[in-house]
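Morning, everyone. I will go through one chain today, starting with its overall layout and then taking a few parts in turn. Please have a look at the sequence and the structure first.

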Amino acid sequence: MTSDGGGPISSETRINDRIRVPEVRLVGPSGEQVGIVRIEDALRLAQEADLDLVEVAPQARPPVCRLMDYGKFKYESAQKARESRRNQQLTVIKEQKLRPKIDTHDYETKKRNVVRFLEHGNKVKVTIMFRGREQSRPELGFRLLQRLADDVAELGFVEASPKQDGRNMIMVLAPHKTQKSRQRATTPSAGPDTAQS
């Protein structure tokens with residue numbers, strides 16, 4: 001019985017002396033197939049070319065190894081991972097709360113907020129808060145949410161239709177897919193061209 005107890009399997013890529021197999025299928029630095037060679041010969045070729053022997057397919061029989069600059073390879077893969085994270089869109093959900101018996105002026109203010117959120121490409125969770133006897137009139141909240149959805153239809157669509165959730169009624173609006181590209185297209189042209197007389 002071994003004293004190491006078998007520990008966790010390392011997911012780290014094996015390079016150079018860490019590759020412990022009798023022979024490997026070797027791929028050259030430019031991607032050319034060298035063939036199946038003994039591990040000693042593969043390590044010698046790597047040293048002569050001033051490169052690392054990197055195990056790229058450990059599951060294969062024999063494992064596939066490639067001659068490459070491992071430091072450069074790690075750096076480039078980290079750059080690619082960072083770039084893909086940067087390209088992922090972060091979804092932001094803004095919230096706007098209303099009351100069923102909202103005043104016209106207040107409604108317009110809340111609607112402007114929803115419009116601004118949608119123009120910036122954010123989703124909006126609209127919540128109608130019912131108090132006391134208002135809970136017995138959910139149709140008031142439903143009508144208000146429908147009115148808001150119709151008012152902002154050119155900027156966004158109803159992603160989650162109105163649902164009663166305890167004392168609240170909730171609806172989610174999402175911007176149209178073309179909204180972000182439309183916003184980017186209009187941003188640079190916003191310059192002062194009223195200087196002509």
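**Layout of the chain**

Going along the sequence, the pattern of the chain is β-β-α-β-β-α-β-α-β-α-β-β-α. What you see is a predicted model. In total, the secondary structure comes to five helices and eight strands. The chain has 197 residues, and buried residues make up 28% of them. Now take the contacts between residues at least 6 apart in sequence: 56% of these join residues at least 24 apart.

Next, the sheet. In what order do the four strands of the open sheet lie? The order is E2-E1-E4-E3, and the pairing is mixed. As a reminder, strands of a sheet pair through backbone hydrogen bonds, either parallel or antiparallel. Strand E2, residues 33-38, and strand E3, residues 52-57, stand at the edges. Each has a single partner strand, so one side of each is left without a neighbour in the sheet. From one strand to the next, the twist averages 35°.

One pair in detail. Strand E1, residues 23-27, pairs with E2 in the antiparallel sense, over five bridges. If you want to find that pairing on the screen, look for Arg 25, whose bridge partner in E2 is Ile 36. Helix H1, residues 39-48, lies across E1, E2, E3 and strand E4, which is 64-68. Relative to E2, helix H1 runs at about 125°.

Now two helices. Two packed helices are described by the angle between their axes and the distance between the axes. Here we have helix H3, residues 104-119, and helix H4, residues 138-151. Their axes come within 11 Å and cross at roughly 50°. H3 and H4 are therefore oblique to each other. The crossing of H3 past H4 is right-handed. Which residues make the contact? From H3 they are Tyr 107, Lys 111 and Val 114, and from H4 they are Leu 144, Arg 147, Leu 148 and Asp 151. Sorted by class, the contact of H3 with H4 has four nonpolar residues, three charged and no polar ones.

Last, a single residue. Asn 122 sits in the loop between H3 and strand E6, which is 123-129. Is Asn 122 buried or exposed? Its relative accessible area is 13%, and the cut-off for buried is under 20%, so Asn 122 is buried. Leaving aside neighbours within four places in sequence, Asn 122 is in contact with Val 92, Lys 94, Phe 117 and Pro 175.

That is the end of my part.

How values were computed. Residues are numbered from 1 along each chain as its sequence is written. This is a predicted model: local features need pLDDT of at least 70, side-chain atom pairs count only at pLDDT 80 or more; totals for chains, interfaces and linings use all residues. Side-chain values use heavy atoms; hydrogens and water are left out. Axes are lines fitted to C-alpha atoms, for helices over the stretch in contact, and angles run from 0 to 180 degrees between N-to-C directions. Helices (H or I, at least four residues) and strands (E, at least two) are DSSP runs, numbered from the N terminus. Angles under 35 degrees count as roughly parallel, over 145 as roughly antiparallel, 65 to 115 as roughly perpendicular and the rest as oblique. A crossing is left-handed if the near helix is turned anticlockwise from the far one by less than a right angle, and right-handed if clockwise. Contact means heavy atoms within 4.5 Å. Ala, Val, Leu, Ile, Met, Phe, Trp, Tyr, Cys and Pro count as nonpolar, Asp, Glu, Lys and Arg as charged, and the others, Gly among them, as polar. Two strands pair if DSSP finds at least two bridges between them. Buried means under 20% relative accessible area, exposed over 50%, partly exposed in between (1.4 Å probe, protein chains only).
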